[in-house]
Amino acid sequence: MGEIQEVQLQITAKVNNRNNLTVTDQPTTDNRSRNYWRWIRLGIYALFVICGQAAATLLGRQYYDKGGNSNWLATLVQLAGFPILLPYYCCINISTPFVQLQRKIKIKPPNSFFILASVYVGLGIITAADCFLYSIGLRYLPVSTYSIICASQLAFNSFFSFFFNKQTFTPYIINSLVLLTISSALLVFQNDSENKKGVLSKQKYAIGFICTVGASAGYGFQLSLTQLAFTKVIKRETFRAVLDMIIYTAFVASCAILVGLFVSREWMGLNREMEAYQLGKVSYVMNLVWTAICWQIFSIGSVGLISETSSLFSNAISVVGLPVVPVLAVVFFRDKMHGLKVIAMVLAIWGFFSFLYQNYLDDYCKSKSNNGEAKQPLQAPSTGS
């Protein structure tokens, strides 16, 4: 009888050990798989942000250089490309989110229509105003100067994230903000040789500088509100939620810009503008179409990064385009790279990598903590003797 009990105890111990190994190894494997797919998604979103922003900025500058004059139309093409997402939104079955499959997120019930509509309308109006300021800045500033000033949006985003998203500031993030702020401030003291002759060109340069800084502040504010909307209102980290945010916000913003286009009566001169476009009518239309498409690619990447990580990380990825746009501007638009521009660009890149390193440390500490928890064996339930 004693031998039988001893054999049963040995079998029970082996089963418990197998259960412990299964419980210990399974979370580690799941975490690795989730991290793998998460970094793939982050890489795709980051590529969309960098390529879409660089191409759209250069096309927008070409519109002004070759005869375009309408600020409202230049703003509209930044937003009106959302219909290209509708076939994908309606025809492809995306009701089962890929993020949920990887993260096993519990989908919470959606909020009321009024709350969601208020979020989309509010963000749409802010987006419309922000894009209009960006259009004015791109019209009056060299594209390289414009793109470097846009680096200040990361500092504004950090400021608003501190209040809205409970963003914590580490020495690396503070270092990044200081460097990016200095890189933008240096452009105030650059040589006036880029400006055209006359007092009016100096006034336009000042207007462009102020509008670009204001647009950067508005963009940082918008990103922080978008993250707040995802965490407090939408409460879903799915690709359908990303498309909802892009399409509804862009629709509201496009309507607001259309009102401005007709009230200002700029629409009456669009036909003459197309006739006088230096590259021809077809190039005029293609410029506007591809600008709209590129901005939608950027929007998918930006909102996707916000839903996956944070608004601050999404903004930091957009700053990666800083060394891309000025270099391409020198090649295609013959912009001059003065000494202060080079210094400002180096500081901006330095600030970005400082911020990226902090995110790497956060992700490393988080994964290390999760692995430590996964390795803790679960205690087998005690049985009465």
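User: What makes Glu275 count as partly exposed?

Analyst: This is a predicted model, in which local features need pLDDT of at least 70, side-chain atom pairs count only at pLDDT 80 or more, and totals for chains, interfaces and linings use all residues. Residues are numbered from 1 along each chain as its sequence is written, and side-chain values use heavy atoms, with hydrogens and water left out. Buried means under 20% relative accessible area, exposed over 50%, and partly exposed in between (1.4 Å probe, protein chains only). Glu275 has 48% relative accessibility and therefore counts as partly exposed. Glu275 belongs to helix H11 (residues 270-276), helices being DSSP runs of H or I with at least four residues and strands runs of E with at least two, numbered from the N terminus. The C-alpha atom of Glu275 is 9.7 Å from that of Gly67, 208 residues apart along the chain.

User: Why is Cys150 called buried, and why is Cys51 called partly exposed?

Analyst: Cys150 has 12% relative accessibility, so Cys150 counts as buried. Cys51 has 42% and therefore counts as partly exposed.

User: How do you know that Cys51 is in no disulfide?

Analyst: A disulfide is a pair of cysteine sulfur atoms within 2.5 Å. The structure holds zero disulfides; for Cys51, the nearest cysteine sulfur is that of Cys294, 9.3 Å away.

User: Why is H5 called oblique to H10?

Analyst: Axes are lines fitted to C-alpha atoms, for helices over the stretch in contact, and angles run from 0 to 180 degrees between N-to-C directions. Angles under 35 degrees count as roughly parallel, over 145 as roughly antiparallel, 65 to 115 as roughly perpendicular, and the rest as oblique. Helix H5 (residues 113-140) and helix H10 (residues 239-263) pack at about 55 degrees, their axes 7 Å apart. H5 is therefore oblique to H10.

User: Which residues of H5 and H10 make the contact?

Analyst: Contact means heavy atoms within 4.5 Å. Among the residues involved are Tyr120, Val121 and Leu123 of H5 and Asp244, Met245 and Tyr248 of H10.

User: What makes H13 mostly covered?

Analyst: In helix H13 (residues 311-319), nine of the nine residues are buried, including Ser311, Phe313, Asn315 and Val319. Across the protein chain of 385 residues, 45% count as buried.

User: How many helices and strands does the protein chain have?

Analyst: The secondary structure comes to 15 helices and zero strands.
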